[in-house]
Amino acid sequence: MKTIVIIGGGFCGTMTAVNLARFRTGALRVVLVNHKFPLGRGVAYSTTQSEHLLNVAARNMSALADHPNHLLDWLRTRSEYADVPEATLRETFIPRKTYGDYLRSLLLWYSRPLDDSAEFQVDFIDGEAVDVQRQGERCIVLLADGQAIEADKVLLATGNQPPAELSVASPEVLQHPGYFASPWDGWQKQLRDNPQHGATADAIVLGTGLTMVDALLTLLAHDWQGRITAVSRHGWLPQSHFKGIEYPDFPPADVASMSLEQLVDLLEEHCDRLRKQGANPAIVVDKMRPHTQRIWQKFSVAEKREFCRRYAARWNVIRHRIAQQIHQRVAEAASSGKLHVVAGSIERLEADGPRLRVVVKDANGDTRALEAGVVVNCTGPCRSFSKVPVALFQNLLGSGLVQVDDLDMGLRVDTDFTAIDAAGNRSDLLYAMGPLLHGTLWETIAVPELRGQALRVAQTLLEACAAAEPGHELWPATAEAAVLEYCI
């Protein structure tokens, strides 16, 4: 029996396991190795707070690429959505914890034994994978607790990397009880349980993006009485989803072949047109979405770097929007003085007894010091992949089983998600997907992209396993129609 080990139990790992179960025809064992966050939920959907909503309406959040209404049908099984009008349900931004229930239900349903033949099994292991080592034509996955799992193929599906360590932080800050280096490691519970930092302390959130919004909602939900300050280079807050208009003039048929300079000119032209019509220019970003990965892959390395340097921050603010009701809460917090936004670069992060000090330099070169009892790092995942403080990837890079992409944003893969090793060869063991491919695809963190990847990766894995056993098919020919045409 072939064994596929999936490292990562969030959306990517969960849905790949589900698709392996859905489409395999031969004997197969799937081992899902999960660490830190609840299996089937991952970072994004492990929250227990109802205030944390999806950033995409329910109509486009099916986890199955070949069943676009699957989530909507599942929501009808829950009492709170049973009588919601169809048009309303489609546009609803459901709680992320509810979406986590959805993913976990899919995983548990498809991992159940189908019969007594024992030709298919799914094993769940709670542990941290720290290395993958070749063993003949197979490999072993090593866990931090000493376990070793034999495998024929391994999928790296670990999601977003932890935030980078702040080089401007003094050593004392890293040990300070009021500093939280990651917004995903239970800082809320630590904060509640630490009487030194009660709800009257001032709080500083480093970053003004989607993660900052989560932190703000958490603080507001616990009736935080102190001042909340959010700091980022530009001070841009996430924008709200809006009702668009028909705009058939964009994009042109040749958009995927344009240079960065041509694309910038095109976007500016159409944004200006939309403003003159009284429409939101973000419409052009939405209409670019089906083409973004192809455009990115055709850019030169120099163009990709130029985009990241000059345009990425603004693109992300426009592209990754939030539900209207969440945007309203953020706006109300700002207008009431509860939330203060500061634009500038972080020069220093220092400890001063029970308090922390953040020194910020604005665009004019002027500095100011902000003080608080609590600082939460919401600057986002580490973007220099070779420096990610994760034992698994440091070991894989060190052994040459994988290599980083041209921008050092993630791993280099072939068009079928096969990892490329340090010598430039296709791996016969390792595959990768999701945010690990940020430098390769750019758009690779949202469900509409990831569900397609999960289907294609499952196909790749099953075909690779079957190729080792001539005449034995693991991926049925009838499933081919279910595989949509994604660019990678």
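User: I'm looking at strand E8. Which residue in E15 does Phe 180 stand opposite?

Analyst: In general, the strands of a sheet pair through backbone hydrogen bonds, and they can do so parallel or antiparallel. In this predicted model, Phe 180 stands opposite Val 376 in E15. Two bridges join E8 to strand E15 (residues 374-377), and the two run parallel.

User: What is the order of the strands in the open sheet of five?

Analyst: Read across the sheet, the order is E8-E15-E9-E10-E11, with parallel pairing. Strand E8 (179-180) and strand E11 (339-343) each have a single partner strand, so one side of each is left without a neighbour in the sheet.

User: There's also an open sheet of six strands. How is the pairing there?

Analyst: The pairing is mixed, and the order goes E3-E2-E1-E7-E17-E16. At the edges you'll find strand E3 (120-126) and strand E16 (418-420), each pairing on one side only. Neighbouring strands of this sheet are turned by 30 degrees against each other on average, direction ignored. Within it, Leu 156 stands opposite Ala 432.

User: Which strands does helix H16 lie across?

Analyst: Helix H16 (residues 447-467) lies across strand E1 (2-7), strand E2 (28-34), E7, E16 and E17, and runs at about 165 degrees to E7.

User: And His 438, is that buried or exposed?

Analyst: Go by relative accessible area: under 20% is called buried. His 438 comes out at 8%, so it's buried. His 438 sits in helix H15 (residues 438-441). Leaving aside neighbours within four places in sequence, His 438 is in contact with Trp 296, Arg 383, Met 409 and Thr 444.

Notes
Residues numbered from 1 in each chain as written. Predicted model: local features only at pLDDT ≥ 70, side-chain atom pairs only at ≥ 80, totals over all residues. Heavy atoms only, no water. Helix = DSSP H or I, 4+ residues; strand = E, 2+ residues; numbered from the N terminus. Buried < 20%, exposed > 50% of the residue type's maximum accessible area, 1.4 Å probe, protein only. Contact = heavy atoms within 4.5 Å. Pairing = 2+ DSSP bridges. Axes fitted to C-alpha atoms, helices over the stretch in contact; angles between N-to-C directions.
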